[in-house]
Amino acid sequence: MNQYIRDGDNPDITEERLKATFDVDRFTEFYHGGAKRLKSRREVEKYIEDHKELQDTHPTPFMSREELIDNSVRKLAGMAKYHKMIDMTNIEKTTYFLQLVHVRDSMAFSLHYLMFLPVLQSQASPEQLSEWMPKSLSGTIIGTYAQTEMGHGTNLSKLETTATYDPKSQEFVLHTPTISGAKWWPGSLGKFSNHAIIVANLWTNGKCEGPHPFFVEIRDPVTHKALPNLKLGDIGPKLSLNGSDNGYLMFDNFRIPRNNMLMRHSKVLPDGTYVKPPHSKLAYGGMVFVRSMMVRDIANHLANAVTIATRYSSVRRQGEPVPGAGEVKILDYQTQQYRIFPYMAKAIAFRIAGEELQNIFKKVSKQLRQGEASLLPDIHALSSGLKALVTFEVQGGIEQCRLACGGHGYSHASGIPELSAFSCGSCTYEGDNLVLLLQVAKYLMKVCAQPVEGEICGYLHKKSSNTISELSSHRTYSDHQIIQDWEHVTRRVVLQAFQKLQAESATKQKHEAWNSCSVELCKAARWHVRLYIVRILLAKISTAPEDVRPVLRALAKLYIFDLQVSNKGHFVEDRYMSSQQIDQLKSGISEALATIRPDAVSIVDGFAIHEFELKSVLGRRDGNVYPALMEWTKHSKLNQKDVPDAFEKYLAPIMEKIRAKI
């Protein structure tokens, strides 16, 4: 029996679930990485269901900013009370617990768990960890991560905050020389954190050694007041995340002990001697970890939006193609399917790519602990590219899902406006997308000049055995042929960018040549990342349960074929593909839409997104959308009184004067 079918559900959504051609539970296990991980998720969900203190008192869109912060901190206090669900040895379970408690608009203290603790774990020495980690896990230390400044983000070498070593007192002097050097944006920095990891340019013996992390106490542990020589506060309301006190911080010759520099990889000796890290790129490990988490989580944002749009489209009826036969479900229109299903496919593809990135990161982390860092540049480039591509495409997908919901998609009741506002920030934080793409391109240009071994970039120096695609029919288009065609096009795009850069460099200065090629370089980076996703998607689907594999293959083909048709110019260039072959791909898209259609609701059920996370009237599991929309209006404060105060205050006197004159 399908666990999603229950008495009292909308008959239209029940009808959809009865069409499923696969076992939804097996799909869910595959999607979430196995029965063990799925069991862990459901333990978290049951725990929050049983503890009302961890739930919102009413829908967050009806809350003021002060109420959002109060609601967020209230739930955080509940988390401290029930802290057994927080286990930093199981980062996935802990992250899901945090996400399900705080969901989207109320992520108070998220940086404590998602940045402060991981950076501390990876950058602090064993002695520092033994002193600070127990307090950080117990809640005595509430931390944040402060790197971004008002005037500087991705260009770390130009951060204005300085940490100048004083060998006489064996202290670092932290200083903010200008307003633009103020730390700006870190979550929970404004009012609630009492510690921060500060990234500042290190000066010792008259030389700048570049940006380094420092462990800094910023508030009194008893009174919670800001310490002397510090200026900090909240930066004000944002597009989203208003349950978090994103803050600013300025230092006025603020002193910290020498040992407060995080010294796992580099250090400053008592006499001021700087000891370099064994590998210049070791600091990338923390960035790769965060981006690997981001890719999977952002893919889940898209899965949320697709779930809402698909379920709503299965109960919303509009139009009567056959007069007298009744209105039809809008999901039956091919245009609606084409609006939603490619993003359903992308949600799965991006999640799989994110999972694989995390697996690679675990392998690299093990090597780093052994002093081996050869794979780090490769995975840093990959994580940068995936973050840039996935966050941008997810944002576009969420908007398409909003449009697919018609007028109701514009309402906060749909859950999509809050989801969109929350998700769009990911295009900027942890690295602006265009800057990250150019970092990927920089690495690709190095690989073009000097070949490296490995699956990720090995295709660049592989000679194609074919001058034309072997595609004859979309139904017999094998995984090997697909990857071969994608490698051909990606290799051409990357090498064309490389050749253009070489030509420009012959007549221009290095930075001018780079800038004049930057559009083509970004395109090359995107193709490199897409190829990786295509390759890993096809490989992963081949391991899926037998009854789940057909619908996953239909989704994979929809994702791949749609990209090929949308970018057909690259595939027909140099006559590698013909217009007839492109027509075959178009036919494949239509066939994939038809194959996915009866399974659509069961696919999004298979994502297993809890109602606490979905936060949507339109995307409810039971499909009873219209009664729930009316119930939603009861939360509006405007409906607490029939005649609003503003009418009595401003309009009534004017209308009374007009009536008196009449």
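Begin at the interface of domain 1 and domain 2 in this predicted model, where, if you look for salt bridges across the boundary, the rule finds 0 of them. To see which parts are meant, select residues 141–279 as domain 1, and then select 280–451 together with 479–489 and 518–627 as domain 2. With both selections coloured, keep the contact itself in view, to which domain 1 gives 8 residues and domain 2 gives 11 residues.

On the side of domain 1 that touches domain 2, the residues divide into 4 nonpolar and 4 polar, with no charged residues. Between the two domains the count of residue pairs in polar contact, with both residues at pLDDT 80 or more, is 0.

Next, select Phe27, Leu120, Met344, Leu386, Ile533, Tyr559 and Phe607, which are the residues that touch the most other members of the largest nonpolar core, a set of 163 residues. Because domain 1 and domain 2 both give residues to this core, it lies between them.

From that selection, centre the view on Leu386 and show its surroundings: leaving aside residues up to four places away in sequence, Leu386 touches Val295, Ala353, Leu357, Thr391, Val529, Tyr532 and Ile533.

As a last stop, select Ala146, Ala196, Leu232 and Val268, which are among the 24 residues of a second, separate core.

Methods
Residues numbered from 1 in each chain as written. Predicted model: local features only at pLDDT ≥ 70, side-chain atom pairs only at ≥ 80, totals over all residues. Heavy atoms only, no water. Domains from an automatic or database assignment. Contact = heavy atoms within 4.5 Å. Salt bridge = Lys/Arg side-chain N within 4 Å of Asp/Glu carboxyl O. Polar contact = N/O pair within 3.5 Å; in protein donor to acceptor, adjacent residues only side chain to side chain. Nonpolar A, V, L, I, M, F, W, Y, C, P; charged D, E, K, R; others polar. Core = buried A, V, L, I, M, F, W, Y, C linked by side-chain atoms within 4.5 Å. Buried < 20%, exposed > 50% of the residue type's maximum accessible area, 1.4 Å probe, protein only.
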